[in-house]
Amino acid sequence: MTDIDELARELDRAHVFHSWSAQNQVSSLVVASGRGARVWDHGGREYLDFSSQLVNVNIGHQHPAVISAIREQAELLTTIAPSTVNLARGEAAKRIVARAPEGFDKVFFTNGGADANENAIRMARLHTGRDKILSTYRSYHGNTGAAIVSTGDWRRVPNEFARGHVHFFGPYLYRSEFWATTPEQESERALQHLRRVIEAEGPSSIAAVLLETVPGTAGILVPPPGYLAGVRELCDRHGILLILDEVMAGFGRTGRWFAFDGYDVRPDLITFAKGVNSGYVPVGGVVIDAPIAATFDERVFPGGLTYSGHPLAMATIVATLDAMESEGIVDHAREIGESAIGPALADLADRHAVIGEVRGEGVFWALELVADPETRAPLPAAAMGRIKGALVERNLLPFVQDNRIHVVPPCVVTAEEVAEAVAIYDEVLSNALEGEG
């Protein structure tokens, strides 16, 4: 009998070209099926998924309501041109704007988060007549032309083909660029830094500031008090739009429908993807404030995608958001973060000096690992590699980035599953750093 897992690996090695990877170093982990916060390979080996794959499976794997919606829509209509009217598209947009601030009545649908940011940037430039986009160094906004250059981390460097992008340092108290010692100082000094960047670049040249509400891949950097409100004030002062990237942080991840609901800020454009339908079918989009939408009432918006508002994706949005509401999944994400994940990770940090800081909210947390608690020197890549391998060996799928373990399970994770994962983290941090993992 053929080993299906090995067949999958052989086909992958022979024919699949993987993103962000040296092709000879790609993981051989096979995932064949899933349910809730767990996945299995073809042989039945079970893994607890504390990565939510790419922090997108918010509703959990194989939610029956979403699977049913895909099946029903496929039987009715599988695809339609974006220029046509389709009920599923309207229903999906209606549910999204219902969660947005008043005045956000229109949604432009895309295929994912990168092209959501791409089109938000396009809208901002056309609406303001300005060119520059300001974004932070610690950020990830996607892998299309302008989105990758808006990204602050190393991935932008070999891809810097787009124009008009300027970077600045956002708040990150644990590794403050501003010699701050309190969240309030970090907020004030980060805002002063941004003010000077805006002045030095020329306010009249800046179309938008693009920020992840809570930077995700960059480290789950919960903004300090007053920061986002201060950015909004700076934007208002100079006629600059504020784009909030909710691709990773939105739709339950922070324990709120939108992450910015927890802060005193109102954006001009909201980008989304991932959690809006838990990645069951590729989709993303831009939620547009009325004044910007009105810019294109008579003027053609020069952007579009063949699969914009794809019926299968729209059906998954409707089913996902309805299920999240009826089942109280967003509230559960908040409560499990407060009652289980946060306290358990804090206790873990008390027992492991390698954990320099715990931060997060909802089901959106990071353990920052350090070689020295005093100097805060990041744990080296080799040690992080051992930790990642040891976690997988113990049947936990981790999200490991730089010197951090991101604790990002589906929003439906149970307290028992949290305890199971924390016990594995505990064992690995006790052993893997000594080469015992």
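The lining of the second largest pocket in this predicted model divides into 12 nonpolar, five polar and four charged residues. The pocket holds about 530 Å³ of space. In total, 21 residues line the second largest pocket. Closest to its centre are Lys106, Val107, Phe108, Phe109 and Ile288. Strand S4 provides the largest share, with five residues.

A second feature is the packing of two helices. Such a pair is described by the angle between the axes and the distance between them. Helix H11 spans residues 329-351, and helix H13 spans residues 415-431. Their axes come within 10 Å. The axes cross at roughly 15 degrees. Angles under 35 degrees count as roughly parallel, so H11 and H13 are roughly parallel to each other. The crossing of H11 past H13 is right-handed.

On the H11 side, the contact residues are Ile336, Ala340, Ile341, Ala344, Leu345, Leu348 and Arg351. On the H13 side, they are Ala415, Val418, Val422, Tyr425, Asp426 and Leu429. By class, this contact has 11 nonpolar residues and two charged ones.

Technical notes: Residues numbered from 1 in each chain as written. Predicted model: local features only at pLDDT ≥ 70, side-chain atom pairs only at ≥ 80, totals over all residues. Heavy atoms only, no water. Axes fitted to C-alpha atoms, helices over the stretch in contact; angles between N-to-C directions. Helix = DSSP H or I, 4+ residues; strand = E, 2+ residues; numbered from the N terminus. Parallel < 35°, antiparallel > 145°, perpendicular 65-115°, else oblique. Left-handed = near helix turned anticlockwise from the far one by under 90°. Contact = heavy atoms within 4.5 Å. Nonpolar A, V, L, I, M, F, W, Y, C, P; charged D, E, K, R; others polar. 1 Å grid on protein atoms, 1.4 Å probe; cavity = no way out; pocket = protein on both sides within 12 Å on 5 of 7 lines; lining within 4 Å. Points joined across faces, edges and corners; volume = space filled by probe spheres on them.
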